[in-house]
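Trainee: I would like to learn how to read helices, sheets and contacts in a model. Could you take me through them slowly?

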Amino acid sequence: MLKILKYSFYDLMRSRWSYVYFAFYLLLGVVLLFLNNDLSKAVITLMNVIIVLVPLIGTIFGVMYYYNSKEFTELLLAQPLKRSSIFLGQYLGVALSLSMSLILGLGLPFVFYGLFESSAIWDFSLLLITGTFLTFIFTALAFNIALSNENKIKGFGYAILLWLFLAIIYDGIFLMTLIMFEDYPLDKLSLVGTMLNPIDLSRTLILLKLDISALLGYTGAVFKQFFGTNIGLIVSLIMLSVWVVIPVLRIMFKSKKKDF
Amino acid sequence: MVSIQNLHKKFNKNVVLSGVDLNISDGGIFAVLGPNGSGKTTLIKSILGMVIPNEGEITVLGENIKKNSDYRRQIDYLPQIANFPSNLKVKELIRMIKDLRGNTDEDQYLIELFKLEPFLDKKLGNLSGGTKQKVNIVLTFMFNSPLIILDEPTTGLDPISLIRLKELIQKEKAKGKTILITSHIMSFVEEMSDEIVFLLEGKIYFKGTISALKTKTNQPDFEHAIASILIDNHA
């Protein structure tokens, strides 16, 4: 698996898109720091961008890489290699190279700005950790979609729909339910609802770490009670890991049964 | 070498193989023939484990191939359409496959044989079809495996390369290897193969030597014998 990982990783590192992605984050980091002139504020703005953009890039890159490397995959399938190691290797290659662009692209400007002397270092690290989690989650979901759809256009369509659903539509439905049942106690329900969407989960986690939950009213207090504690942090990170593990298991399961 | 029992495969509702039984003994050249869509490539891909059968059992060198990947170390496979990752250089591809399968020195000789030196630093996406096929052949023959599977090996080759390929195949046969070939070029099949396997509508219609086929169909030459099978079954 490590050999496949190595080749996929090098292949992507040589492709133009990794550089574009890296340069984008670099630019974003520099511009935000320049405009905000304050690390903590820059982290908040950055969160809003990352929470939406990272899943989108992960999804599109994942689907694109799978379809583009079909020939490579077929070449590998005739070699004495396990199917699971071929696909896991490719998946990890994509996810790692995307994560690296994210971490380096954002990390460099913040480090030069004086991250290590600032109190925002923990918030910033949490931001990068959730960003990496989101990359791994959405690349895995994208591989799942691509494995199940021979047709490229369909695959792309489903991938974009998935992103749209989790990034935007889910929140809408969630909010509507909260409004419709506002007479009932909803804090537990909304907690669960947040847990079930990795994007919401990441957003809430970072927001509450940034200590601006006072803006959120009573529900915010319940959330703060949960997410603000160490147990909440650990449970959230476990939830994010589950979001990685389940799609990865499905990649292994699905790839074993597929015809090429 | 290879034994297949009651192999069934359908893609959605399209039945491709329906109960193939086949035994391929050690050594010799076997040609798998059949009209378009008769399941030749599916049969070969099933042996390679790329297509998962619905039913049936395949053993290669005594090993059941189900949930097994290591047996592929014993197989050299030449895919039908040489589609390689287009942003890799020929040299890099060869190095990569060697890295994945183990080292070999055979590649130098094969590169010389097919005059591929000028292309080593070119990207695979920029090569012509014939040159890609030559790279494909180098990748296949550089490992010394007892079973060689060639899917349409002659595609796109110029006459000199074709002659070299034939010599190469004969040389491998002389080493006692088993070679499975599919081809639509009847003259190539007649010249090369010891035995033919004729697939028709997902079943094995005929297995035996070319002369046996001629006797069976009452035709003086091979090409007409094949044609008569097709006419008899489609008229």
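Trainee: How do α3(A) and α7(A) run relative to each other, roughly parallel or roughly antiparallel?

Mentor: Before I answer, note that this is a predicted model, in which local features need pLDDT of at least 70 and side-chain atom pairs count only at pLDDT 80 or more, while totals for chains, interfaces and linings use all residues. Residues are numbered from 1 along each chain as its sequence is written, and chains are lettered from A and ligands numbered from 1 in the order in which they are written. Helices (H or I, at least four residues) and strands (E, at least two) are DSSP runs, numbered from the N terminus. Axes are lines fitted to C-alpha atoms, for helices over the stretch in contact, and angles run from 0 to 180 degrees between N-to-C directions. Angles under 35 degrees count as roughly parallel, over 145 as roughly antiparallel, 65 to 115 as roughly perpendicular and the rest as oblique. Here the axes of α3(A) and α7(A) cross at roughly 165° and come within 10 Å, and the two helices are therefore roughly antiparallel to each other.

Trainee: Which residues of α3(A) and α7(A) make the contact?

Mentor: Two residues are in contact if their C-beta atoms, placed from the backbone, lie within 7 Å. From α3(A) the contact includes A:Val52, A:Pro55 and A:Leu56, and from α7(A) it includes A:Phe156, A:Leu162 and A:Trp163. For the classes, Ala, Val, Leu, Ile, Met, Phe, Trp, Tyr, Cys and Pro count as nonpolar, Asp, Glu, Lys and Arg as charged, and the others, Gly among them, as polar. By these classes, the contact of α3(A) with α7(A) has 12 nonpolar, 2 polar and 1 charged residues.

Trainee: How do α2(A) and α3(A) cross?

Mentor: The axes of helix α2 (residues 16-36) and helix α3 (residues 39-68), both of chain A, come within 9 Å and cross at roughly 160°, and α2(A) and α3(A) are therefore roughly antiparallel to each other. Among the residues that meet are A:Leu28 and A:Leu32 in α2(A), with A:Val49 and A:Ile57 in α3(A). The contact of α2(A) with α3(A) divides into 8 nonpolar, 2 polar and 1 charged residues.

Trainee: Where does A:Pro185 lie, and is A:Pro185 buried or exposed?

Mentor: A residue is buried if 20 or more other C-beta atoms lie within 10 Å of its own, exposed if 12 or fewer, and partly exposed in between, with C-beta atoms placed from the backbone. A:Pro185 sits in the loop between α7 (152-180) and α8 (187-195) of chain A, and A:Pro185 is exposed, with 8 other C-beta atoms within 10 Å.

Trainee: What is the strand order in the open sheet of 4 strands in chain B?

Mentor: Two strands pair if DSSP finds at least two bridges between them. In this open sheet of chain B the order is β2-β1-β4-β5, with antiparallel pairing, and the edge strands β2 (14-24) and β5 (63-64) each pair on one side only. Strand β1 (residues 2-11) of chain B pairs with β2(B) over 8 bridges, while 5 bridges join β1(B) to strand β4 (residues 55-60) of chain B. In their hairpin, which has 2 residues between the strands, B:Leu61 takes a positive phi near 50°.

Trainee: Which strands stand at the edges of the open sheet of 6 strands?

Mentor: That sheet of chain B has the order β6-β7-β8-β3-β9-β10, with mixed pairing. Its edges are β6 (75-78) and β10 (203-208) of chain B, each with a single partner strand, so one side of each is left without a neighbour in the sheet. The twist averages 15° from one strand to the next. β6(B) pairs with strand β7 (residues 147-151) of chain B in the parallel sense over 4 bridges, and B:Leu147 in β7(B) is the bridge partner of B:Ile75.
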